[in-house]
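Trainee: I have a chain open on the screen. Can you show me how to read it, feature by feature?

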Amino acid sequence: MFGDLFGRRQQTRSRATKGADVESTATISFTDSLEGVTISLRLSSEAACSTCSGTGGKPGTKPHICTECEGAGYITGSVGGAFSMNETCPVCHGRQLVYDESCPTCHGSGRGTSARTIQARIPAGVKDGQRIRLRGKGAPGENGGPAGDLFVTVKVAGHRVFGRKDDNLTLDVPVGFDELALGAEIKVPTLGGVPVTLRIPAGTPNGRTFRVRGKGARRADGTTGDLLATVEVQVPASLDPAAREAIENYRAAVAGKPLRAGLFEES
């Protein structure tokens, strides 16, 4: 019974084999990562030798049945007791046939390399370092087998103004001290859209983050994240006489309320 189960020889010459998976890396712009983009990829993968068409034999020579496996493509070895296991024939490498003269290009392996250019679609909302699987874009199969898959690791270039946190875009907004102290309405950009108005209440602390709904990255379900705008006070490197006088007047007006008094209070 075991001999029939494990040792039965089947013809494997025309067995369909799936192609190998292929790894690649692509760098895209920040904007393309949010909107999606189709890119061209130059791929090199293993394929049948172009000289011998994968037979491993020198063109023009005739093959004969492998004497090691008697044309089965595999041999049966014992793994202990009454059990046995099939292994690929080490002489014909599963091809069932051997040649007296090997192919001068692949030296009998039957393998070569294939270079091709494909179009790959990178979906909207992809993150830096994300790995995308493209089914059927890998190495071609053998004997009618399906092609393997292509795995693309996406590198997203930085943006001059915007950053990203999960599905939200981030933006550092320079503001003046007076705008935070007195309140203001300022325009801030959105990526690929019209600017929006940010209303800053009087007395806003430096570093506060405002949320602008729906101006972030697109999610897989079609919704979008938000824009997170953080206000940062900019200190001028130099002051004209009028500005200096105004600030000195402000300093005099608040001189009786030292900001750091709480640092010296004992608990």
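Trainee: How many helices and strands are there in the chain?

Mentor: Helices (H or I, at least four residues) and strands (E, at least two) are DSSP runs, numbered from the N terminus. The chain has four helices and 15 strands. This is a predicted model: local features need pLDDT of at least 70, side-chain atom pairs count only at pLDDT 80 or more, and totals for chains, interfaces and linings use all residues. Residues are numbered from 1 along each chain as its sequence is written, and side-chain values use heavy atoms, with hydrogens and water left out.

Trainee: What is the radius of gyration of the chain?

Mentor: The radius of gyration is taken over C-alpha atoms, and the globule rule is 2.2 Å times the number of residues to the power 0.38. A compact globule of 267 residues would come out near 18 Å, but the chain has 34 Å. Its C-alpha trace spans about 105 × 45 × 35 Å along the principal axes.

Trainee: Which strands form the open sheet of three?

Mentor: Strands of a sheet pair through backbone hydrogen bonds, either parallel or antiparallel. Two strands count as paired if DSSP finds at least two bridges between them. Here the open sheet has the order 1-9-8, with mixed pairing. Strand 1 and strand 8 each have a single partner strand, so one side of each is left without a neighbour in the sheet. The twist averages 30 degrees from one strand to the next. For that angle, axes are lines fitted to C-alpha atoms, for helices over the stretch in contact, and angles run from 0 to 180 degrees between N-to-C directions.

Trainee: How many bridges join strand 1 to strand 9?

Mentor: Seven, and the two strands run parallel. A26 stands opposite V154 in strand 9. Strand 8 (residues 131-134) pairs with strand 9 in the antiparallel sense, over four bridges. There, R131 has T153 as its bridge partner, and R133 stands opposite F151.

Trainee: Is T25 buried or exposed?

Mentor: Buried means under 20% relative accessible area, exposed over 50%, partly exposed in between (1.4 Å probe, protein chains only). T25 lies in strand 1 (residues 22-28). T25 counts as exposed because its relative accessibility is 52%. By contrast, six of the seven residues of strand 9 (residues 150-156) are buried. Over the chain, buried residues make up 31% of the 267.

Trainee: Which residues does T25 touch?

Mentor: Contact means heavy atoms within 4.5 Å. Not counting residues up to four places away in sequence, T25 touches L41, T153 and K155. With the same exclusion, L41 is in contact with residues including S24, T25, A26, L150 and V152.

Trainee: Which residues have the most contacts inside the largest nonpolar core?

Mentor: In soluble globular proteins, nonpolar side chains tend to be buried together. A nonpolar core is a set of buried Ala, Val, Leu, Ile, Met, Phe, Trp, Tyr and Cys residues joined through side-chain atoms within 4.5 Å. The largest has 38 residues, and I28, I39, L41, L150, V154 and I186 have the most contacts inside it. A second, separate core of five residues includes C66, C69, C89 and V98.

Trainee: What does the side chain of T230 contact?

Mentor: A polar contact is a pair of N or O atoms within 3.5 Å; within protein, one must be able to donate a hydrogen and the other to accept it, and residues adjacent in sequence count only if both atoms are side-chain atoms. The T230 side chain makes such a contact with the side chain of T209, at 2.7 Å. T230 sits in strand 15 (residues 227-233). T230 counts as buried because its relative accessibility is 15%.
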